[in-house]
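Biologist: Show me how to read a fold from its coordinates, one feature at a time. Start wherever you like.

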Amino acid sequence: MKIGLFYGSDTGNTEEVANKIAKIIGEEYVDVHSIGKVSNADLEMYDHLIFGTSTWYDGELQSEWEDFLPNLDEIDFSGKTVALFGLGDQLTYGEYFIDGVGIIYDKIIERGAKVVGHWPIDDYDFEESVAEREGNFVGLALDDDNEYQKTDGRIKKWADQLSTAFRFTVSI
């Protein structure tokens, strides 16, 4: 069963991470899509989804996700398993670190999604985040601006965590 990975990227960083995730999980298991080029039907065809976004300015969604977000109101996520990842800058924008992930999380939870891939907040230096729940982020948090050297290791560990929920064996 394929996993639909949908990302939004203005600078190319989130797209690059999306492709790394697909490679680590195994490209045979993952279809990668830009959220700016899809319809609701594209999301609805998958039971397993990964959503990726960055956070801009004062906790705003990436532009393509901001445009697509109202469409999520029309999708029934019951029976779907979703994992989230986000890019942010924990030092410069520490009061909004990966807020975009939290915004998407809130929307899909109210639509019935089962969210997997929660990630520990230790090892980060941020003030607050809309994506924090009960001492964890609701998805993988990446800070390529300040901790690019940790990105690949975090992705591998997160993908390994997802392998049980999504039923795949990590390729790398």
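Biologist: Let's start with two side chains: are Phe51 and Phe77 buried or exposed?

Modeller: Both Phe51 and Phe77 are buried. The call rests on relative accessible area with a 1.4 Å probe and protein chains only: under 20% is buried, over 50% exposed, and in between partly exposed. Keep in mind that this is a predicted model, where local features need pLDDT of at least 70, side-chain atom pairs need 80 or more, and totals for chains, interfaces and linings use all residues. Residues are numbered from 1 along each chain as its sequence is written, and side-chain values use heavy atoms, without hydrogens or water.

Biologist: Okay, rings next. How many aromatic pairs are there?

Modeller: The structure has 12 of them. Rings of Phe, Tyr and Trp (its six-membered ring) pair if their centres lie within 6.5 Å; planes under 30 degrees apart are stacked, over 60 edge-to-face, and the rest tilted. Take Phe6 and Phe51: with 6.2 Å between the ring centres and 70° between the planes, the pair is edge-to-face.

Biologist: And where do those two sit in the fold?

Modeller: Phe6 is in strand 1 (residues 3-7) and Phe51 in strand 3 (residues 48-56), so their contact ties together parts 45 residues apart in sequence. Strands (E, at least two residues) and helices (H or I, at least four) are DSSP runs, numbered from the N terminus. Phe6 has a relative accessibility of 0%, which makes it buried, and Phe51 is buried at 1%.

Phe51 also makes an edge-to-face pair with Phe77, at 6.3 Å between centres and 90° between planes. Since Phe77 belongs to the loop between helix 3 (63-68) and strand 5 (81-87) while Phe51 is in strand 3, that pair joins parts 26 residues apart in sequence.

Biologist: Which residues do the ring pairs link into a cluster?

Modeller: The cluster is made of Phe6, Tyr46, Phe51, Trp65, Phe68 and Phe77.

Biologist: Strand 3 keeps turning up. How many of its residues are buried?

Modeller: 8 of 9, so strand 3 is largely enclosed by the rest of the structure. To see what flanks a strand, list its bridges: two strands pair if DSSP finds at least two between them. Strand 3 runs parallel to strand 1 over 5 bridges, with Tyr7 partnered by Gly52. It is joined to strand 5 by 7 bridges, also parallel; there, Ile50 has Ala83 as its partner.

Biologist: What about strand 4?

Modeller: Strand 4 (residues 60-61) pairs with strand 3 in the antiparallel sense over 2 bridges, and Trp56 stands opposite Glu60. The hairpin of these two strands has 3 residues between them, and Tyr57 takes a positive phi near 50° there.

Biologist: How do I read an open sheet, say the one with the order 7-9-8?

Modeller: Go through the order and check the pairing: this sheet has 3 strands, paired antiparallel. Strand 7 (119-120) and strand 8 (132-133) are the edges, each pairing on one side only. Strand 8 is joined to strand 9 (residues 136-137) by 2 bridges, and Arg133 has Asn136 as its bridge partner.

Biologist: Now pockets. What's the volume of the largest one?

Modeller: The idea is simple: rolling a water-sized probe over the atoms shows where empty space is left. In this structure the largest pocket comes to about 320 Å³. Of its 19 lining residues, the closest to the centre are Ser54, Thr55, Gly88, Asp89 and Asp145. A pocket is an open set of points on a 1 Å grid over the protein atoms alone, reached by a 1.4 Å probe, with protein on both sides within 12 Å along at least five of seven lines; lining residues have an atom within 4 Å of a point. The volume is the space filled by probe spheres set on the points, which are joined across faces, edges and corners.

Biologist: Which elements supply at least two residues each to that lining?

Modeller: Helix 1 (13-25), strand 3 and helix 5 (144-166) do, and strand 3 gives the largest share, 3 residues.

Biologist: Last one: how many helices and strands are there overall?

Modeller: The protein has 5 helices and 10 strands, and 51% of its 172 residues count as buried. Its C-alpha atoms fill a box of roughly 40 × 35 × 30 Å along the principal axes.
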